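This report describes how parts of one protein chain pack together. Look at the sequence and the structure first, then read the sections in order.

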Amino acid sequence: MSDRLAGKVAVITGAGSGIGRATAQRFAAEGAKVVCADVDAEAGDKVAAEVDGTYIRVDVTSEEQVRDLFQAAVDEYGRLDIAFNNAGISPPDDDSILSTGMDAWKRVQEVNLTSVYLCCKYAIEHMQAGGGGSIINTASFVAVMGSATSQISYTASKGGVLAMSRELGVQFAREGIRVNALCPGPVNTPLLQELFAKDPERAARRMVHIPMGRFAEAEEIAAAVTFLASDDSSFITASSFLVDGGISGAYVTPL
């Protein structure tokens, strides 16, 4: 590993597992101080201990808790350079528009979209005071494609993240604050494993569309996040950064 993030302070939401945990490990290996935020205290505290960072329990749908999260990071480490707004859910009751109820719709929107709005709002305030920073918001490849195996609220929420990231990237570019939307393809995480274990047919229908013939590993996504967080991507903002194994570029996949 290099020290691309040496001296930088990062906040990661959804840090307790999957992409968040892999990114916390990669950020720390690259020299960053990491604040690990998660609603799961046991998982979040474990990751923070692994990376010699700080754990803060946060419900990302609470404006007060999100505001306090970023303030606590600055109070602890003196600055904020990176915000990886990664917390998200994909519950099984979010399905076709014909069967998804309002409770499921609203819950997914709150966790996947409203939380990103809140995290960006309070991260940007501190980055303005510090003279710049990098925000990476987790969207998805589904934000740029359509699927007949729909998760309607999830898809809509990620489309919102994509549009919001683009707008913020433009608005704050001249203040040295970069905002990009990370668009992963399917990742081999507990969230995806749980979803697909409940519906093997759906899993098979999706796998055939991946040119590489496999899901991504969380560490591969973390590498992309680290690039966007670092000065190596200093001229990249307002982008939709696809890390999807070629899915969004495919018409017919290899046999």
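## Helices α1 and α8

Helices α1 and α8 are oblique to each other, a word used for any angle that is not under 35 degrees (roughly parallel), over 145 (roughly antiparallel) or 65 to 115 (roughly perpendicular). Their axes come within 8 Å and cross at roughly 55°. Axes here are lines fitted to C-alpha atoms, for helices over the stretch in contact, and angles run from 0 to 180 degrees between N-to-C directions. Helices (H or I, at least four residues) and strands (E, at least two) are DSSP runs, numbered from the N terminus. This is a predicted model, in which local features need pLDDT of at least 70 and side-chain atom pairs count only at pLDDT 80 or more, while totals for chains, interfaces and linings use all residues. Residues are numbered from 1 along each chain as its sequence is written, and side-chain values use heavy atoms, with hydrogens and water left out.

On the α1 side the contact (heavy atoms within 4.5 Å) involves Gly18, Ile19, Ala22, Thr23, Arg26 and Phe27. On the α8 side are Ala218, Glu219, Ile221, Ala222, Ala223, Val225, Thr226 and Ala229. By type, the contact of α1 with α8 has 9 nonpolar, 3 polar and 2 charged residues. For this count Ala, Val, Leu, Ile, Met, Phe, Trp, Tyr, Cys and Pro are nonpolar, Asp, Glu, Lys and Arg are charged, and the others, Gly among them, are polar.

## Helix α4 and its two partners

Helix α4 (residues 102-130) packs against helix α5 (residues 152-171) at an angle of about 15°, with the axes 8 Å apart. The two helices α4 and α5 are therefore roughly parallel to each other, and their crossing is right-handed. Residues of α4 in this contact include Ala104, Trp105, Val108 and Gln109, and those of α5 include Ile152, Ser153, Tyr154 and Ser157. The contact of α4 with α5 consists of 14 nonpolar, 5 polar and 1 charged residues. Serine 157 belongs to α5 and is buried at 0% relative accessibility, where buried means under 20% relative accessible area, exposed over 50%, and partly exposed in between (1.4 Å probe, protein chains only). Not counting residues up to four places away in sequence, serine 157 touches Val108, Gln109, Asn112 and Leu113.

Helix α4 also packs with α3, at an angle of about 30° and with the axes 9 Å apart. Again the pair α3 and α4 is roughly parallel and the crossing is right-handed. From α3 come Glu63, Val66, Arg67, Phe70, Gln71 and Val74, and from α4 come Leu118, Cys119, Lys121, Tyr122, Ala123 and His126. This contact of α3 with α4 divides into 7 nonpolar, 2 polar and 3 charged residues.

## Nonpolar cores

In soluble globular proteins, nonpolar side chains tend to be buried together. A nonpolar core is a set of buried Ala, Val, Leu, Ile, Met, Phe, Trp, Tyr and Cys residues joined through side-chain atoms within 4.5 Å. The largest one in this model has 33 residues, and Leu69, Phe70 and Ile135 have the most contacts inside it. Elements giving two or more residues to this core are β2 (33-38), α3 (63-77), α4, α5 and β6 (177-184). Helix α4 gives the most, with 8 residues.

A second, separate core has 28 residues, including Leu5, Ala22, Leu182 and Ala222.

Alanine 15 lies in the loop between β1 (9-13) and α1 (18-29) and is buried, with a relative accessible area of 0%. Leaving aside neighbours within four places in sequence, alanine 15 is in contact with Gly20, Arg21, Cys36, Ala37, Asp38 and Val47.

Aspartate 52 is in the loop between α2 (41-50) and β3 (54-57). Although not a glycine, aspartate 52 has a positive phi of about 55°, and it is exposed, with a relative accessible area of 61%. Alanine 238, in the loop between α8 and β7 (240-243), is not a glycine either and has a positive phi of about 60°. Alanine 238 is partly exposed, at 21% relative accessible area.

Definitions and conventions. A crossing is left-handed if the near helix is turned anticlockwise from the far one by less than a right angle, and right-handed if clockwise.
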